[in-house]
Amino acid sequence: MQLCTKCLLPETHETITFDARGLCSVCVNSKEKQTIDWKSRQIELAQIARDTKALNSNYDCVVPFSGGKDSTFTLYYVVKILKLKPLVASFDHGFYRDALLDNRNKVLKKLGVDFVSFTPNWHLVKQLMLASLRDKGDFCWHCHTGVNSFPMRTAVEKNIPLVIWGESSTEYTNYYKTNQFHQIDEELFNRITNLGISPEDMVMRLEGNFEVRDLFPFTFPSSEEIKAKGIRSFPLGNYIEWDTQKQVNLIKNEFDWLGDEVEGVPMTYDYEKIECMMQGSRDYLKYRKRGYARTTHLTSIDIRNGKLERETGIEMVSEYEDKKPYSLQLFMDLIGLTDQELELILKDQLIDPWDGRIPVKIGAKPHDYENWVKKLLVD
Amino acid sequence: MESHMNRLVGIVNLEAGNAASVERALGASGIRSVQVKDEEILKRCSHIILPGVASFGAVIEELRSKNLFEPLRNLYESDIKLLGLCAGMQIMGQASQENPGVKGLGWFTYENVELVNNEERRSFHTGWNSIRVKENQKLLSVSNESSFYFNHSYYVPNVEEVPENFGSTDFLESTMVSIFKHNNVMGMQFHPEKSQVEGLNILKHFVEWE
Amino acid sequence: MNTLFRRIIPKILISRHSNLKVIGGITTRQYETFRFIGSPPSQARIFESNMADEIILINLDHKSIDLGAFVDVVSKVSSEIFMPLSVGGGINSLDQASKVFEVGIEKVVVERALMQNPGEVVKIATRHGSQSLIGSCSYWGSSTIPIPARLEARGVIRISALPARLKLMERMGVGEVMINDASRDGTREGSNLVALKTALSSISLPIIDSCGFGKTQHFVDSFEAGSSAIAIGTYFAFIDQSFMQLRSQLANHGIRVRIK
């Protein structure tokens, strides 16, 4: 498999391309980002904030929120820097970990904001996870679509003119050009979020066991609806230079935000993707399909920023990625899948030239694993 | 901003054209348009689009039979902005090998020639292709990375009146003018209404041209 | 030099769901209905967002989707997209073809009409132009499994008959030819490169390769062998790989494709 000559991303990474020297598009874009006139973008953002406040709505904006590092920083920025009044909206995918919920509690109370949350039907969630895994080798359809749809629908229903998201998709992928001010809209939903399956399509894939109205929580509002209400929806990363380390330090100081261990990732990266119990299994499936996962992604960022030697990155990847997560069995028990069934599904999901080898080692038991079992295996 | 209020985009409605597709493409960018069926509406427009999908001769004949040929011809170098698409661009020249003897609008001296294929595999220029523009072609709002949908058998070899403001496309042994802008006229050999985001953007660019 | 970008064309195949009664998009396996995978306009919208190159929409269920219902679906799909649309499935006459052209599509696809109503096919080519006509040919490429009787009855030909059939289509005036190996349909095990090469040497028209695509390498092989386009029904339905992702991978292999 071809890897970038600088970082460790392989040719199976979504939308990656390589230049004549073998340098990947993510590395190239990262350099390009340094040439952007961030000062003028910040001025633009300040103007957007002023225009929004002048509308005098009940809330100035919706901030989609999980409690992870990006949405926490975004919320901080909206409240403290932009001085906007947000309605904080969170989609509960069903798998939030305790440490993350503690972080959320601290952040929301310390900032003093209105907060609204939505939890979809657990039976449907499990059906969607199985259907999505079977058809796409990715069980997170309900989460991708719900997380993206709920804040937008909240804005539409409550007539809130602005939705501010976190990181721009151009940080690590090429679905949009680096310098492009991309929106979080129906096009992005269809291009990046929904795995090529709309809620209408999913109803058909579920063989009519659920109706269109049951899939409503996962439905992104139409472009017409959004335009009619005049709602703007964009990532904060369009307007400010995204610096993960700085942002993590800030939220740790401001809110006593705490990191957590994540399966398949070295402890030094205690700030990324700490939200979800299924993160380990999700990253594992990506490894089986594409031959790389979370540790590759994180070490590549550090290599790109000159904070890690490529060789050290390679060692960390080989130690942490070629492993089955301890929680994989829990995931399979939850949705009712055997080992053979999973292997059958993964066989067709290979993104070549990855060979789809099966790791032998099993990862360590997460410290809060018993809580996961208690929360998930209810029936 | 004021001109925006006075803007009226007209699409010449021909059977030899696909006005409906263009109308829908403009609609996607929030731009309303009217169908131009007679001289009266033609004269009230600030921007006029002439989409042609049939032959050079068919488009000219229909314009004449609808009494639109002369009124349209008189709009060159006026305040009204004009856009010719595919055959609509071709008829802005003198003539075409496709229909010898038929006269075009004559705004430009070019004569359309047939795309010749001397290669093993027969190919129509039906598909996506790119455009070569000089680096500072902001006037045209396309780049060398853009791609557009083409579907034609005759092409414009050069536009003498426009030494700078054009983009060209290579196909087989031919180099054609695929886009140009001169005076109050723009021409596009490709179909922007079938070229997704880039096509919609370039239509928007025309409509916002003042 | 043919500078056109190579095209990847999603196929939306439609059929009426027996229980739900609605018209849905399906995938097939060796030309039998395999799964219902979505709503045709919704799928079209998604492909538009992903900047697909073209869409082919085929009615596989003429018994319960008549021309009127089909034109309705074509219209709904067409209104979601700003790219070329080719439609087919039961188009047997100039009259029927003209009705679908009125919706605002670019090309019609004919298969059975080539044998059953050749005169009408020639009329379509004359009236609407060769560039607006795709001739489709289904063949059985497997050398180990004999061609099922049901498929032979539906007009799927033996691979030995492929060159003659293609030459006939060329004489009729089609602008492009689509070849489909029914034995590989929906299997994702790889397309029939031998048949493709035979086709390329039999006629001088652009060829759309179809059936069997499951891995990036399959696409690379087909394009390198000389296909102008690849039409896929199953691939995007069941893999975590979007249009834009596939196109990047192909670009990395040196194939001339559109990328944003």
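**View 1. Where chain C meets chain A in this predicted model.** Here 29 residues of chain C are in contact with 29 residues of chain A.

**View 2. Chain C against chain B.** On this face, 19 residues of chain C pair up with 25 residues of chain B. The chain C side splits into nine nonpolar, six polar and four charged residues. Two pairs of chains are in contact, and it's chains A and C that share the most contacts.

**View 3. The gap between chain A and chain B.** These two chains don't touch. Their nearest C-alpha atoms sit 10 Å apart.

**View 4. The two domains of chain A.** Chain A is divided into domain 1 (38-238) and domain 2 (260-376). Going by C-alpha atoms, the centres of domain 1 and domain 2 of chain A are 25 Å apart. Each of these domains puts 18 residues into the contact.

**View 5. A closer look at the domain 1 side in chain A.** Among the parts of domain 1 that touch domain 2, helix H4 (98-111) and helix H5 (122-136) of chain A each supply at least two residues. H5(A) gives the largest share, five residues. By type, this side of domain 1 of chain A has eight nonpolar, six charged and four polar residues.

Technical notes. Residues numbered from 1 in each chain as written. Chains lettered and ligands numbered in written order. Predicted model: local features only at pLDDT ≥ 70, side-chain atom pairs only at ≥ 80, totals over all residues. Contact = placed C-beta atoms within 7 Å. Nonpolar A, V, L, I, M, F, W, Y, C, P; charged D, E, K, R; others polar. Domains from an automatic or database assignment. Helix = DSSP H or I, 4+ residues; strand = E, 2+ residues; numbered from the N terminus.
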